[in-house]
Amino acid sequence: MRHVLYGRCVRCGRTYEAVPDLVNCACGGILDIVYDYDYIKTVLTKETLRGRRRTMWRYRELLPVEESTAPTPLRVGWSPLYEEPRLAERLGLKGLWVKDDGQNPTGALKDRASAMAVAKAREAGAEVIACSSTGNAASSLAGNAAAAGLKTYIFVPSRAPKGKVAQLMTFGATVISVQGSYEETFELSKAAIERWGWYNRNAAINPYLSEGKKTVALEILEQLDWQVPDYIAISVGDGCTIAGLWKGLKDLYAIGFIDRLPRLISAQAAGCCPINRAIEEGADWRPMEENTFADSIAVGVPRNPDKALQAIRESQGLVVNVSDQEIMDAQQLLGRTCGVFGEPAGVTGTAGVKKLCEQGLLGKEDTVVSVVTGNGLKDVANAIKACGEPIAIPGTMDALLAAFAARQVVVS
Ligand SMILES: *Cc1c(COP(=O)(O)O)cnc(C)c1O
Ligand SMILES: [Zn+2]
């Protein structure tokens, strides 16, 4: 990889050759992949991008893969970025865009990391990949691996929603549903991976994964024709996604594609916000209970706090914690105003933007991109809880008229 220099520990600075099965530093710190931007500038221009296929692999010069590594089979990336003037007006913003990453092949931003895991597993000559996950890392890995002909072992906490488990089973993964927290699930997967030597797709151990996730930032900026928004909002669990987002932005700045950096908005659930609490307190993070229905960000012991905290601090970011009710409200708001259906963790960034607008911390001077990180169809039970049941009647006009009258529905 001519364009990649090495992996560097975010804690102690030690560097490692960028081999395909790179894991954490001996000190326990996670590695960051360091690029040769001077070289990349000579091979990647805005013009070279124009004719390329619309997948995350269009940014290959900024991705840690060998020149000879084939793109993974599923169409990951190039999800739509919608301009939302009506929602912007409602919230009192100058401009608002919604990046619907629930449109990825398995319905979540995690597809970007899992496609990278599959590409690196192939480079490593591995035939089996494993991970533990609150759900989306698992389903995206199972799908992307199935398409590439690789076998998967997946560990999920038993609370994972049915939609995600259905995906896993359909994609043919060997699924272990662990009766315990995400923390316990993670530890068991770690022990199993060590025991059987599977390729490791666990968050915050494999440093290539957030390099896949960063493609969401590259796309947002390309879709905005390199016009930099003031803020990008995203939900945070382990912290890999927001760290990847920031890495992508810094890459673009380093190669001169953009001339300033947006500020990040880190949105967490009020019932589980160890990263945001650390920012608010200006202190180290401490574990928290996993007290939210937004399962994908119910992470009491974040796996990537170092990179996430660094990203939020470096960007002079804002942090915002939202209640489950506020998440449900945002889910409906996005659905009704934009036609975008996100899962609870998927819409938490938008819930955060709404709250910051209400608090006067964002306003009519500001342009904001809100990333929807997962599709609402993954968790229909919670969507129905938030939005209510339909009008249920026998199939007659009399029953319809009676139901409308009873509910005072004005038919237009
Ligand atoms: C995983 C996930 C997140 C958070 O990503 P982290 O890397 O854990 O911070 C947010 N939303 C959805 C839908 C996810 O699946
Ligand atoms: Zn180290």
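With a relative accessibility of 35%, Ile393 counts as partly exposed (buried is under 20% relative accessible area, exposed over 50%, partly exposed in between, with a 1.4 Å probe and protein chains only). Ile393 is placed in the loop that runs between helix H15 (380–387) and helix H16 (397–407) (helices, H or I of at least four residues, and strands, E of at least two, are DSSP runs numbered from the N terminus). The model is predicted: local features need pLDDT of at least 70 and side-chain atom pairs pLDDT 80 or more, while totals for chains, interfaces and linings use all residues. Residues are numbered from 1 along each chain as written, chains are lettered from A and ligands numbered from 1 in written order, and side-chain values use heavy atoms, without hydrogens and water.

Trp57 touches Leu63, Val65, Pro71, Thr72, Ala115, Met116 and Ala119, leaving aside residues up to four places away in sequence (contact means heavy atoms within 4.5 Å).

Gln268 belongs to strand E11, residues 263–269, and is buried, with a relative accessible area of 0%. Among the residues that Gln268 touches are Val236, Gly237, Val320, Asn321, Val322 and Thr348.

Charged side chains form 20 salt bridges (a side-chain nitrogen of Lys or Arg within 4 Å of a carboxyl oxygen of Asp or Glu). In helix H4, Glu123 and Lys120 are three residues apart, about one turn of the helix, and their side chains meet at 2.6 Å, N to O. Glu123 is partly exposed at 21%, whereas Lys120 is buried at 1%.

Glu211 and Lys247 form a salt bridge at 2.7 Å, N to O. Glu211 lies in helix H8 (residues 209–213) and Lys247 in helix H10 (residues 240–254), so this pair ties together parts that are 36 residues apart in sequence. Both Glu211 and Lys247 are buried.

In helix H14 (residues 344–358), Lys354 and Glu358 are four residues apart, and a salt bridge of 3.2 Å, N to O, joins their side chains. Lys354 is partly exposed, at 21%; Glu358 is exposed, at 54%. Elsewhere, salt bridges with shared partners link Asp32, Glu211, Lys214, Lys247 and Asp251 into one network.
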